Amino acid sequence: MGVEYDSGKGVPVNHAKAVQYYLKAAEAGHVLAQYQMGTIYESGAGAEKDYAMAYKWYEKAAMQGHTEAAYKMGKAYTEGVHRIKDKARALDWYRRAALKGCIAAQYELGKEKYLVKEYKDALTWLQTAVNHGNLPANYYLGVMYYHGWGVIKDFDRSFAYFSNAGTFSGTYYFMGMFYYYGYGKLNKNLNKAFWYFRRYEDVNPDKYAEYYLGLCYKNGYGTEKSLQTAFQNFEKSAKKGIKQSQFELGLCYKNGIGTNCSYRFALEWLLKAANQGYAEAQYEVGEMFFNSRLYSIEDAYPVFTAIQWLQKAADQNHKLAVCRLIDIYYDEQQYTKAGKLISVAINKFSYTNAYFYWAVFCHQGIGGYQMNQQKALELYRSFIKYTPYPDSVKKVKMVENAKQFIYELEHPTLNKLKKILGK
């Protein structure tokens, strides 16, 4: 009778009477009527909105095995809608509904498992939801395959999931990343990358999208170059704590990119990024302290401070920091410290100066190396080979010294005679 008065089948439509009959049926234990009373009180269609009454009836229906009512109870405990938030109860209700085929519950269960990093269960339920046509579940599967969380990292599968996630806002950011870097089998497409980052920023202003938009505007990727707009995006993102943007903002102030040059602001923002462990910023901060007079930095021991920051960057295998440190340590005659960086500078970064330093250490038996004249000769020759065109006064002098040392090592008898004659 409630359905007939609600739909007007056989009788004139009368929602008030429909509610009366639904209520009688619900009180008599009819599960569909109980669920219907829940929707009536939740929506306010046919009765005044009353969440307490709505979830009273949803719970009664759910206890009798009604799938949608169980899902509603899960949402109630997740969001605290007339229920105290209780994750365990929410998951229990979602699981009951999911096992009976409720797609929304399968998605919610998978999402909740994803959020607590229980990726095995998350994968099961999210994939089940996707198989039943749920679009947002594609997003979380895309993220899992993008990062390799609970699955083998697979950019191609990740891209396929993101492509099927519909207009779920988070997909715009990841699609932008795919086209910006050309991950997997995808070719770089900076025009598309910019479009996705811009779309994501329009839908959901985000600190990461602002960073990449800043890079696009700075370099003219997919849009007309605009240094001022780049600066504005870096600034918004930097203030939200993104270390990459703090670094870029520091460079903007240091070099006058999109704003007035300010060494004070440059150091301030570079230090924020450096303190978050960003190696690029640590290197820049080290260079600024090493050239403290140029940047008007007041510090009692600027070279010591510079070395500290360069060492932090070098510890993360930052190429320029390693190369800079080995030069500083050699010039400061801290040969043991320089010697520790030799293998990294040569094997990882092919730094030509390191061949000269290593040769000197083997030649003289310093820097933690034993004296080895033959090894020194080989290294001096390697330095000459890899430095055919010296690009600085210092490098010219190093090449001249290397040639002199090669000559002495190749003519040991003559060298001994020179020493005798010198005496």
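## Starting with helices

Helices here are DSSP runs of H or I with at least four residues, numbered from the N terminus, and the expected span of a helix is 1.5 Å times one less than its number of residues. Welcome to a predicted model, in which local features need pLDDT of at least 70, side-chain atom pairs count only at pLDDT 80 or more, and totals for chains, interfaces and linings use all residues. Residues are numbered from 1 along each chain as its sequence is written, and side-chain values use heavy atoms, with hydrogens and water left out.

Let us look at helix 15, residues 243–255. Buried means under 20% relative accessible area, exposed means over 50%, and partly exposed lies in between, using a 1.4 Å probe and protein chains only.

The buried residues are S245, Q246, F247, E248, L249, G250, L251, C252, Y253 and K254. Their cover includes helix 13 (207–219), helix 14 (227–239), helix 16 (263–275) and helix 17 (279–290), where contact means heavy atoms within 4.5 Å. After helix 15 comes G256, which has a positive phi near 65°.

Helix 22 (residues 373–386) has 14 residues and reaches 20 Å from its first C-alpha to its last, close to the 20 Å expected. Buried residues in helix 22 are A376, L377, L379, Y380 and F383. Helix 21 (352–364) and helix 23 (393–410) are included in what covers them.

## Two helix pairs

How do helix 3 (residues 31–43) and helix 4 (residues 51–63) cross? Their axes come within 7 Å and cross at roughly 160°; such axes are lines fitted to C-alpha atoms over the stretch in contact, with angles from 0 to 180 degrees between N-to-C directions. Helix 3 and helix 4 are therefore roughly antiparallel, given that angles over 145 degrees count as roughly antiparallel, under 35 as roughly parallel, 65 to 115 as roughly perpendicular and the rest as oblique. On the helix 3 side, the residues that meet helix 4 include Y35, M37 and Y41, and their partners in helix 4 include W57 and Y58. The residues of this contact divide into 11 nonpolar, three polar and two charged. Here Ala, Val, Leu, Ile, Met, Phe, Trp, Tyr, Cys and Pro count as nonpolar, Asp, Glu, Lys and Arg as charged, and the others, Gly among them, as polar.

Helix 6 (residues 87–99) and helix 7 have axes that come within 8 Å and cross at roughly 140°, and they are therefore oblique to each other. K87, L91, Y94, R95, A97 and A98 of helix 6 make the contact with A105, Q106, E108, L109, E112 and K113 of helix 7. By class, this contact has six nonpolar, one polar and five charged residues.

## A closer look at A62

A62 lies in helix 4 and, at 5% relative accessibility, counts as buried. Leaving aside neighbours within four places in sequence, A62 is in contact with A69, A70, M73 and W93. The C-alpha atoms of A62 and M73 are separated by 7.6 Å, although the two residues are 11 apart along the chain.

## Positive phi in two loops

Most residues other than glycine have a negative phi. K117, in the loop between helix 7 (103–115) and helix 8 (119–131), has a positive phi near 65° and is exposed, with a relative accessible area of 62%. N317, in the loop between helix 18 (302–314) and helix 19 (319–331), has a positive phi near 60° and counts as partly exposed at 35% relative accessibility.
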